Amino acid sequence: MDDERLLRLIEHDENYELVQKLAQGPSGITEHVCDVTGAHYVRKRIPGAIAARDAWERLRSIADPRIVRVHEIYELPGELVVVCEWVEGQSLAEHVEKNGPLTQAEACDVVRELCAAVDVLHRHDIVHRDISPTNVIVTEKGPRLIDLGIARVHDSEQQKDTTTLGTWGYAAPEQYGFAQTDARSDVYALGRLLAFCLTGLRPDNPRFDEALATESSVPRPVREVIERACAFEPSARYQSTPELACALEQAMRALGSFADEGVSQQKAASLRLDAQQTDAQQPTVAQQTVTQQPIVAQQQYNPPSAKSASPVNFSSMPTLQVYAQGVSTQPTTWFKLPLGWKKLLSGLGMVFFGFWAVVFALMAIFGSKNQEFVRGVFVRITSMFFALGCAAVVVEIDLFVTNRRHYSQEVLRGELPFRIFLKRFAGVLITEAMIFLLIVLVASATHVYS
Amino acid sequence: MVGTWDELIDSDYELSELLERVVLDARSLKEWLRDYLEAHGLTKSKVVRESRLNQTFAYQIMAGTRRASRDKLIQLAFGMHMNVAATNDMLERAELSALRTSCARDIVIAYCLHHQYNLSTCDDMLWRRGMSTLEQLKEGVGRTSRRTFYARPGA
């Protein structure tokens, strides 16, 4: 960038008068500014290292009334500056805090509108990655999605995001760094947002899970929609926002909340009644972006085509290879046992293998003096231990396949399933082999062998 | 209560009372520069232009994303028309040594800051006295032609 152009950009940047700094965090600085004509805007200063200019350029071409408009984009040393439309109104978080949880119809309407808005982003290969109640503004015309500061264009060749950002409690597990984010990450966030709207509680509230399980707050059909949308495994979620919206509508019909197809205009208007016209000189903090606990994950994701209902082929993602068949259902377990029993059997298997190794060594050392004893006891005992150990290994495999949370720590660190498996067993096997060798060496040294 | 070290040490207050009375200012260099610009009605573009620093570098100094050497910050001080006290404050916030009364070069710089001379005049004064200038020009580039006619003065 030549010096004169930079000076012009700096002068242009200074033409915006700062009204109020709204937020500051790892994703940048958000300010409420106004230009020389008095028009109000939101200016975001995004650090150059995490800014995605291509995503913002695409956003500027989007003219959806549910998504905040991008006014202009320019670069200054070390940062990308994006000037967006100033949207007046309360955030959804403030609305719920002030008025309590939304009704089921209101919450459904909000989420359906947001699903349509997010679908527009996905059609442009953009993933929002920061859908949260603070980034949804309640206006007279309906909810509006703002703060696309960490939005990204999905790249199919990327295995994982390069930086992680998001709002804790609404960011999908893959945003913590072990895989790319995609449309399903936004589906996850929308599911959490729906839960927030119905319970009035944030995910970090200790009563959140209890409130979610309460039938009066969250009816079972809607809860099932939320649970599926917020599944840990992306392939187990709804694969697109239209799918989520459709499922939500079906759930609401099952509850008898919708008398006819489509969204009732009266029900939709009930949500917009509380949108306040704020004084332009005294803006609310509706534009505030709260990153509670910034996560470091920059994921690039190829969202599936919005027109296609078929699941995306995730065979290129090593951590999701188990579900690479594209079937968005939980794998079938081999043993219908409680999780605790499976873990107990798996642990016992390690012990049995250890017994087998020690007994084998002892029999090999002392059994030469009593062949009958060896034939009788040795074979029976060691065979039993070996068989039990093998059975426990099978249980461990089943546990790994069917309960990803059993290995959640390793998975979150981005380790491949096969490596996780090897690590669990290799340590035990190596230890037992060393014990065996030690016994043999001691026996050899003391001339126990005849 | 804002005072010098001598005043603070000679005061009769207990330590806890002293800490309560002292006006603390823990602003970073970036915050301090921002407040200075706002208080004096200066714009970044004007400061960048008059400091004759590389525009990108100057902007990054004010944004707090780059660290500058002492001479570069003094250049910035000339661009912001600072006095000696403000310059020393800025240098200390950047964890650099302030202008010292025992250093001839610093005295020349302070003299120029006090009389609101511009950067070129200060560099000329330094050059005439055989001292290194603030603005380091590349060989054969920029305004060296004028200086080549200056014979370096004797010690």
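Contact here means heavy atoms within 4.5 Å, and the legends below describe close-up views of a predicted model.

**View 1. The contact between chain A and chain B.** In this predicted model, chain A brings 15 residues to the contact, while chain B brings 12 residues. The size of an interface is often given as the accessible area lost when the parts come together. Between them, chain A and chain B bury about 1100 Å², and 53% of this area lies on carbon and sulfur atoms. Within chain A, the residues that lose the most area to chain B are Leu7(A), Glu14(A) and Pro77(A), which together account for 44% of what that side buries.

View 2. On the side of chain A that touches chain B, at least two residues each are supplied by α1 (3-14) and β1 (17-25) of chain A. The element that gives the most to this side is α1(A), with eight residues. Sorted by class, the side of chain A that touches chain B holds five nonpolar, two polar and eight charged residues.

**View 3. The hairpin of β1(A) and β2(A) in chain A.** Strand β1(A) pairs with strand β2 (residues 28-34) of chain A in the antiparallel sense, and the pairing runs over seven bridges. The two strands β1(A) and β2(A) are joined by a hairpin through two residues. For Gly25(A), the bridge partner in β2(A) is Gly28(A).

View 4. In helix α7 (residues 84-93) of chain B, the buried residues are Ala86(B), Thr87(B), Asn88(B), Met90(B), Leu91(B) and Arg93(B). Among the elements that cover these buried residues of α7(B) are α3 (29-39), α6 (70-79) and α8 of chain B. Just after α7(B) comes Glu95(B), which takes a positive phi of about 60 degrees.

View 5. Gln116(B) is placed in the loop between α8 (104-114) and α9 (119-128) of chain B. The phi of Gln116(B) is near 55 degrees, which is a positive value in a residue other than glycine. Because its relative accessible area is 43%, Gln116(B) is partly exposed.

**View 6. Asp125(A) in a loop of chain A.** Asp125(A) sits in the loop between α4 (104-123) and β7 (126-127) of chain A, and its phi is near 60 degrees, a positive value in a residue other than glycine. Asp125(A) counts as partly exposed because its relative accessibility is 30%.

Technical notes: Residues numbered from 1 in each chain as written. Chains lettered and ligands numbered in written order. Predicted model: local features only at pLDDT ≥ 70, side-chain atom pairs only at ≥ 80, totals over all residues. Heavy atoms only, no water. Buried area = accessible area lost by both parts, 1.4 Å probe. Helix = DSSP H or I, 4+ residues; strand = E, 2+ residues; numbered from the N terminus. Nonpolar A, V, L, I, M, F, W, Y, C, P; charged D, E, K, R; others polar. Buried < 20%, exposed > 50% of the residue type's maximum accessible area, 1.4 Å probe, protein only. Pairing = 2+ DSSP bridges.
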